[in-house]
Each structure stands twice: as C-alpha cells, then as structure tokens.
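Have your viewer ready and follow along, one selection at a time. We will start at a metal site and then move on along the chain.

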Amino acid sequence: MDIVTEMIDALVDRVSAGGVVVLSGAGLSTESGIPDYRGPSGVARRHTPMTYQAFTGDRLARRRYWARSHVGWRLMARAWPNDGHRAVARLQDAGLIDAVITQNVDGLHTAAGSSGVVELHGRLDVVVCLDCGNRISREELDQRLREANPDFAARAGAVNPDGDVELDDAQVAGFHVVDCTLCGTGMLKPDVVFFGETVPAARVARCFALVEQARLLLVLGSSLTVMSGRRFVLRAAKLGIPVVIVNQGSTRGDAYAALTVDAPLGRVLPALADRIAGAAQGVSVVTPVAAG
Ligand SMILES: [Zn+2]
C-alpha cells in the first residue's frame with residue numbers, strides 16, 4: 001500500500017463521520033487550469049496584485065486591470081470544475097459536508113453542483129458599481145467591453161487566479177474602460193475582495209458560525225498564507241475542532257492539523273468520495289429539500 005492510499009484511509013476515517021465544513025483555496029482549481037501562484041506547481045506572479053486603493057484611485061492602474069482582465073476572462077470563462085470540485089459536491093450530496101467556504105473567486109464549486117457555497121472573496125463573474133451598488137453579470141460587462149474595444153486583439157499570456165494577464169503598455173493604452181449604465185458614471189469593479197480590502201464583516205461572521213458548528217474543518221488546496229482563510233483554522237483549533245488539511249506542499253496551518261495529506265487533490269478527493277459518498281448514496285434515503 002503506498003503512502004497516498006494510507007493517507008486516503010486516514011481521511012476516510014475522519015470524513016465518514018460527517019459534520020464537515022470545507023475551506024477551499026486556489027490549489028483545488030489548479031486542475032481546472034487556473035494557476036495557484038503560491039502552490040508548488042504555480043507560476044510566480046509577475047507583477048504585484050491590484051490593490052483596492054490603486055484600482056479606485058488611479059485611472060491608469062484601473063485601465064491596466066480591465067485590459068488584462070478582459071483578456072484573462074476568456075480563459076477564466078472556459079474553466080470547468082474538476083474531479084476535486086465534483087468530489088466535494090458528491091460528499092455534500094451524501095450529507096457528509098455541511099458547508100463549503102471557498103477563497104476562490106472562480107465559481108467552480110457551484111458549477112460542480114455544490115449548494116450554498118460561501119464565497120469568502122466574492123465572485124469574478126459578478127461586477128458591482130461602486131457608486132450605486134448595481135450588480136451586473138461579467139458576461140454583460142464583457143459584451144460592453146468588446147463593443148468599446150472592437151480591435152483589441154491582445155494575446156493572453158499566463159493567467160493568475162484573479163484572471164489577470166500580462167499586456168504591454170501600448171496595448172493597455174488603447175483600452176477603453178466602461179462605466180455603470182444605471183447611474184451613468186459609477187466605477188465598475190469585479191465583485192471580489194481585492195488586496196487592501198477587507199471581507200465584508202457579515203460574511204466573515206457567517207463563516208465563523210459555520211466553522212464553530214463543524215465537527216471537522218477540512219482544508220482543501222490552500223496554503224493558508226493569508227489570514228483571511230487561516231483565521232478559521234485558528235478558530236477551529238482554539239475550540240478543539242479537528243482540522244484536516246489536504247494540500248500539495250506544506251501550509252501555514254499544519255501545526256494545528258490533526259491530519260495533513262500532502263498529495264494531489266485530483267487523486268485524493270475522488271478516491272475519498274468513491275469510498276464514502278458512493279456507499280452513503282446506496283443506503284441513505286434521499287429527502288428532497290427546498291432550494292435556497
Ligand atoms: Zn452605478
């Protein structure tokens with residue numbers, strides 16, 4: 001029996017009792033073609049991420065963001081859930097996972113069939129007006145950006161997890177940014193939490209409440225580098241709720257974990273779901289619940 005099989009056995013023991021709250025990060029989406037710039041296989045981010053302050057205070061920075069993001073969106077919009085996302089949805093369907101909290105902005109948990117996902121850092125496919133609060137789909141904005149930039153034929157380079165890509169200054173200079181059509185002048189921003197911005201307090205409180213009710217906190221594909229996610233591990237540990245971490249590479253939460261599984265999520269999670277979600281589906285009575 002190889003070491004990964006042994007780790008999957010240990011994972012089965014932990015997860016099969018249910019009451020699991022998942023906290024997922026970029027490592028879960030790398031197999032969907034969205035690079036994890038902090039993970040072992042990730043490419044280094046070539047420029048510093050856009051901050052909220054630069055986005056809102058600097059017209060050129062904002063233009064650069066939207067130009068890059070306009071290209072990056074082509075690739076993000078093509079990303080599909082992978083076996084890891086689907087395994088999480090199967091475990092949730094089987095009643096073993098109570099809640100999914102994700103640091104990812106790609107919407108792939110929901111696309112894979114998970115319900116009630118708490119998207120800690122928002123969603124890249126929603127755009128919000130910072131003046132009037134109007135929210136539109138990224139698809140709608142994409143259409144408007146295409147119309148405003150009919151000749152914008154930039155080639156996409158490496159894509160970062162936030163949909164950002166590399167473009168040269170000349171390409172950026174020719175890009176036209178569009179504003180909110182509802183209020184006329186409002187600044188549009190992806191409905192994601194930028195660096196330098198805090199997660200809305202109500203959303204954080206909801207996540208803490210979920211974690212506090214968990215029997216087990218299962219971290220999937222997060223190096224727990226930023227406090228935004230690590231604080232939930234710290235809270236669980238403080239309350240004596242076991243923490244299990246499945247991630248390629250070490251994490252900043254390893255010291256608090258009852259079990260760490262350093263292996264590809266695309267191998268571990270489907271195997272876990274096959275072992276316990278498959279069995280649970282065979283014996284449980286499925287009661288339809290109201291959507292929402
Ligand atoms: Zn507006």
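Select the zinc ion first: the four donor atoms around the zinc ion subtend angles of 106 to 117 degrees, so the arrangement is tetrahedral (four donors count as tetrahedral if all angles lie between 85 and 135 degrees). For comparison, the ideal angle for four tetrahedral donors at a metal is 109.5 degrees. This is a predicted model, in which local features need pLDDT of at least 70 and side-chain atom pairs count only at pLDDT 80 or more, while totals for chains, interfaces and linings use all residues. Residues are numbered from 1 along each chain as its sequence is written, and side-chain values use heavy atoms, with hydrogens and water left out.

Now show the SG atoms of Cys-129, Cys-132, Cys-180 and Cys-183, which coordinate the zinc ion at 2.3 to 2.4 Å (donors are N, O and S atoms within 2.8 Å of the metal, or 3.2 Å for Na, K and Ca; water is not among the atoms, so sites may look incomplete). Along the sequence, these donor residues follow the spacing C-x2-C-x47-C-x2-C.

Next, pick out Cys-132 and Cys-180, a pair 48 residues apart that links distant parts of the chain. Cys-132 sits in the loop between strand 4 (122–129) and strand 5 (135–137), and Cys-180 in the loop between helix 7 (169–173) and strand 6 (188–192). Helices (H or I, at least four residues) and strands (E, at least two) are DSSP runs, numbered from the N terminus.

Which of the two is buried? Cys-180 is buried, at 3% relative accessible area, whereas Cys-132 is partly exposed at 36% (buried means under 20%, exposed over 50%, partly exposed in between, with a 1.4 Å probe and protein chains only).

Finally, go to Val-177, in the loop between helix 7 and strand 6. Leaving aside neighbours within four places in sequence, Val-177 is in contact with Arg-63 and Trp-66 (heavy atoms within 4.5 Å).

Definitions and conventions. Four donors count as tetrahedral if all angles lie between 85 and 135 degrees; four count as square planar and six as octahedral if opposite donors are over 155 degrees apart and all others between 65 and 115; anything else is irregular.
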